[in-house]
Amino acid sequence: PFFGEPIARNFLHPSTLSGRFFTLMVFIHIAVPLFMLLLMWIHIHHHTRPRVNPPKGLAAGTLLALLALSIWQPALSHPPADLVTVPTPVDIDWFYLAVLPLADHVPGLWLWLAVGASTLALIALPWLPPGQRQVVAEVDLENCNGCARCAADCPFGAIIMAARSDGRPFAQEAVVDPALCTGCGICTGSCPTATPFRRRSALIAGIQLPRLTVSSLRERCLELSRDLEGEYRLMVIGCEHGVSVAPLCDGSTAALKLPCAGMLPPSFLDFLISRRLVDGIVLTGCRTGDCHFRKGIDWTEQRIAGERDPYLRQRVPRARLMKCWAGIDQADQLRKAVSGFRARLGEDGRRNPGGDESNNESARTG
């Protein structure tokens, strides 16, 4: 049922089938992928910081799997077609022709309708109503100095810099596009005004999430650390899309969940350590190379390493920090990493008792 009768007549005898038919087939096999490649190129240019190549491990694993499959079950061509005989055994390429066997059980028109409806459904996916949309980030112009760090760090290009509209002595201001903002909060982590050390004015960042402001984040940190007991108190900070951190809570371990690990300003790590609210901090989130918001892990790593502004201050002892980018299915790995980190803090404390006291004392008095 896939070809009409006039086309089918070309296959009645070898003399009616010319080489032009095969030329047309070769052209279609080349032209269609090239057209799809053009559409992909246009699609990629609509993304900020697109990642085209897969991780090396995934690429190598896929190559080895396809190689093993081709050796175990090679794709063999049929012998040349003899149009004067009716073929009886016809091997089907189940990857490309999975629908063809249904032609023996489903009327041709209904089969075409089902295939067409499925294709239209896939095409319509990008335009379907989204799920529950997160509240987008908001800019507070009284605290925004137009530094453009939020625009540089936004993984989705949802923030642009525009001319100042409030008459303050700054050239630019941040503007959030609600259609592109995903509510990840990475812009808050990049804002220099999002520091918990502020005391002379209200703690309102230049850009922040209404559902989790910087002020409420500081209060949450103080609340969680206040109930910790034990010699080595830890705070595990994770993201909503990574492994759950709630099961790690106990008398000496607190858990803080953020939309993305990249939302946490580095100054909060300084605040928790220098004020001796905790003895160690564990940062976790999505699996390495698979950040839900694309750049949360990368920006966090670079901020701690002093490679991206805002930097984590050098006075913060890196031995008090641990990063464990465990996937959502790696809860046991995270639990073991937290236990090992606590044990390492104990060993460091026994080798160097009171080693951080001078730094902590200067932080408190400063």
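Start with the largest pocket: 46 residues line it, and His-78, Val-90, Asp-91, Asp-93 and Leu-97 lie nearest its centre. A pocket here is an open set of points on a 1 Å grid over the protein atoms alone, where a 1.4 Å probe fits, with protein on both sides within 12 Å along at least five of seven lines; lining residues have an atom within 4 Å of a point.

Ground rules. This is a predicted model, with local features needing pLDDT of at least 70 and side-chain atom pairs pLDDT 80 or more, while totals for chains, interfaces and linings use all residues. Residues are numbered from 1 along each chain, and side-chain values use heavy atoms, without hydrogens or water.

Back to the lining. It divides into 34 nonpolar, nine polar and three charged residues. Nonpolar means Ala, Val, Leu, Ile, Met, Phe, Trp, Tyr, Cys and Pro; charged means Asp, Glu, Lys and Arg; the others, Gly among them, are polar. Helix α2 (19-44) gives the most, with seven residues. Helices are DSSP runs of H or I, at least four residues; strands are E, at least two.

Next, α9, residues 296-304. Gly-296, Ile-297, Trp-299, Thr-300, Arg-303 and Ile-304 are buried there, meaning under 20% relative accessible area with a 1.4 Å probe, protein chains only. Contact means heavy atoms within 4.5 Å.

Last, Ser-267 in α8. It touches Ala-194, Thr-195, Pro-196 and Phe-197, leaving aside residues up to four places away in sequence.

Notes. Buried means under 20% relative accessible area, exposed over 50%, partly exposed in between (1.4 Å probe, protein chains only).
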